[in-house]
Amino acid sequence: MKDRIVLAYSGGLDTSVAIGWIAEETGADVIAVAGDVGQGGEDLEVIRERALTCGAAESIVLDLRDEFADDFCLPALQ
């Protein structure tokens with residue numbers, strides 16, 4: 001089985017280029033993971049597809065909005 005490397009993926013130029021570079025340098029499959037914390041901006045489906053286009057073996061977008069609000073935002077406000 002091929003090694004797998006998980007990359008925290010923003011969808012920007014740097015992490016998009018990193019997918020191909022990591023795969024080439026290590027021979028591993030790159031799994032791109034993006035988190036939705038309510039930041040808005042670019043559609044996360046577009047980001048997911050971009051990772052696959054750049055060579056990711058798999059691309060995952062996690063809905064972390066509730067966790068981010070409960071575990072980070074609310075305590076900061078309290």
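**View 1. Lys-2, at 48% relative accessibility, counts as partly exposed.** This predicted model shows the residue paired with Asp-29: the two side chains meet in a salt bridge, with N and O 3.4 Å apart. Because Lys-2 lies in the segment before strand S1 (4–8) and Asp-29 in strand S2 (residues 29–36), the pair ties together parts that are 27 residues apart in sequence. Asp-29 is likewise partly exposed, at 23% relative accessibility; buried would require under 20%.

**View 2. Arg-4 and Glu-58 form a salt bridge.** The closest N and O atoms of this pair are 3.1 Å apart. Distant parts of the chain are linked here, with Arg-4 in strand S1 and Glu-58 in strand S3 (residues 58–63), 54 residues apart. Arg-4 has a relative accessibility of 48% and counts as partly exposed. Glu-58 is also partly exposed, its relative accessible area being 32%.

**View 3. Glu-42 is joined to Arg-50 by a salt bridge.** In this pair, 2.4 Å separates the closest N and O atoms. Glu-42 is partly exposed at 39% relative accessibility. For Arg-50 the relative accessible area is 25%, and this residue too counts as partly exposed.

**View 4. Asp-36, Asp-63 and Arg-65 belong to one network.** The three residues are joined by salt bridges that share partners. In total, the structure holds 6 salt bridges, among them the Lys-2 to Asp-29 contact of the opening view.

Terms used. Residues are numbered from 1 along each chain as its sequence is written. This is a predicted model: local features need pLDDT of at least 70, side-chain atom pairs count only at pLDDT 80 or more; totals for chains, interfaces and linings use all residues. Side-chain values use heavy atoms; hydrogens and water are left out. A salt bridge is a side-chain nitrogen of Lys or Arg within 4 Å of a carboxyl oxygen of Asp or Glu. Helices (H or I, at least four residues) and strands (E, at least two) are DSSP runs, numbered from the N terminus. Buried means under 20% relative accessible area, exposed over 50%, partly exposed in between (1.4 Å probe, protein chains only).
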